Amino acid sequence: MNTIEEKISSADWQRVTEDMHERGYAIIENMLTEKDCAELISGYQHPDSYRKTVVMERYRFGIGEYKYFNYPLPALIQTIRTAVYSHLAPIANTWMRVLQIGKQYPLVHEEFLSLCAEQQQTKATVLILKYGQGGFNTLHQDLYGDLYFPIQLVLFLNEPGRDYEGGEFVLTQQNPRAQSKAIVLKPRKGSMLLFTTNFRPSKGSKGYYQMKMKHGVSEVHQGERYAVGVIFHDALT
Ligand SMILES: O=C(O)CCC(=O)C(=O)O
Ligand SMILES: [Fe+2]
């Protein structure tokens, strides 16, 4: 059995990089084992692991519930956050360069977290979400302060079509000169989905422009759906 470090380092990052540039998202299957998924789901009940619980209806974020992890993060998630970041920072740096935004991200996640801390962004943003029948997550962006990393990921802990129906992951892209396009994804259990947090570069006739993206989850028609969201910046509150 490969360790999570091995799975991350042997992933096809060339293909992921191309997908991120062309589409603003990429899927890597088989990142988590059955056991990893089961442990993360059963951990949902342990109050000590989390700093805050959000009942989504209260804020009109949708229907469902999520919990922000506390530091220290579970080892599996800590490893994923640190190791995947190093593969994404070069992509983020290309995006900033082609969009002529004078910003570059350090290649080491700890250094990026130090920059967050300088801006008082110190609270963990990694979360686990739970939706039952009728659950959904409205289209949104996960910006938790002025400093943000432009790519984030979700880990899928249940099998679509078996554990739940509906509950598709929805991305919208807002072309500044057209209506929004919806992209609907059903990644399999254990998959990692990488996607655009705010905007990505898209090539037009006069060079690159900003294509704003949002994400959410369509209504769960049946069953239960859990997911872990890994956001690379920390939060003010
Ligand atoms: O439940 C999902 O797949 C979406 C989670 C989400 O919005 C996030 O991780 O930022
Ligand atoms: Fe989100």
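The bend at a residue is the angle between two axes, one fitted to the seven residues ending there and one to the seven starting there. In this predicted model, helix H4 has a kink of about 40° at Ser86. The briefing below starts with that helix, then turns to the annotated domain, the ligand and some backbone details.

**Helix H4**

- H4 covers residues 75-98, which makes 24 residues.
- From first C-alpha to last, H4 reaches 35 Å, close to the 34 Å expected at 1.5 Å a residue.
- The kink at Ser86 comes shortly before the proline Pro90.
- The buried residues of H4 are Ile77, Ile80, Val84, Tyr85, Leu88, Ala89, Ile91, Ala92 and Trp95.
- An α-helix has 3.6 residues a turn, so residues three or four places apart point the same way.
- Helices H1, H2 (13-23) and H5 (109-118) are among the elements that cover the buried residues of H4.
- The cover also includes strands E7 (151-156), E12 (199-204) and E15.
- Gln100 follows H4 and has a positive phi, near 55°.

**Annotated domain**

- An unreviewed UniProt entry places the feature "domain: Fe2OG dioxygenase" at residues 122-235.
- Over residues 122-235 the chain is 54% strand and 0% helix.
- The end C-alpha atoms of this stretch are 6 Å apart.

**Around ligand 1**

- Ligand 1 is surrounded by Leu129, Asn137, Asp142, Val154, Phe169, His215, Val217, Ala227 and Gly229.
- Strand E13 (207-217) and strand E15 (225-230) are the elements that give two or more residues to this shell.
- The shell divides into 5 nonpolar residues, 3 polar and 1 charged.

- The peptide bond from Tyr71 to Pro72 is cis, with omega near -5°.
- Pro72 lies in the loop between strand E4 (65-69) and H4.
- Asn30 is not a glycine, yet its phi is positive, about 55°.
- Asn30 sits in the loop between strand E1 (25-28) and helix H3 (34-43).
- Asn30 is partly exposed, because 13 other C-beta atoms lie within 10 Å.
- Arg60 is not a glycine either, and has a positive phi of about 60°.
- The loop that holds Arg60 runs between strand E2 (50-55) and strand E3 (62-63).
- Arg60 has 8 C-beta neighbours inside 10 Å, so Arg60 counts as exposed.

**Start of the chain**

- Asn2 lies in the segment before helix H1 (4-9).
- Asn2 is exposed, because 11 other C-beta atoms lie within 10 Å and the cut-off for exposed is 12 or fewer.
- Asn2 and Arg177 are 175 residues apart along the chain, and their C-alpha atoms are separated by 46 Å.

Definitions and conventions: Residues are numbered from 1 along each chain as its sequence is written. Chains are lettered from A and ligands numbered from 1 in the order in which they are written. This is a predicted model: local features need pLDDT of at least 70, side-chain atom pairs count only at pLDDT 80 or more; totals for chains, interfaces and linings use all residues. UniProt positions are given in the numbering used here, feature names are shortened, and annotations may be inferred rather than shown by experiment. Helices (H or I, at least four residues) and strands (E, at least two) are DSSP runs, numbered from the N terminus. A residue is buried if 20 or more other C-beta atoms lie within 10 Å of its own, exposed if 12 or fewer, and partly exposed in between; C-beta atoms are placed from the backbone. A residue is near a molecule or strand if its C-beta atom, placed from the backbone, lies within 6 Å of it. Ala, Val, Leu, Ile, Met, Phe, Trp, Tyr, Cys and Pro count as nonpolar, Asp, Glu, Lys and Arg as charged, and the others, Gly among them, as polar. The expected span of a helix is 1.5 Å times one less than its number of residues. Two residues are in contact if their C-beta atoms, placed from the backbone, lie within 7 Å.
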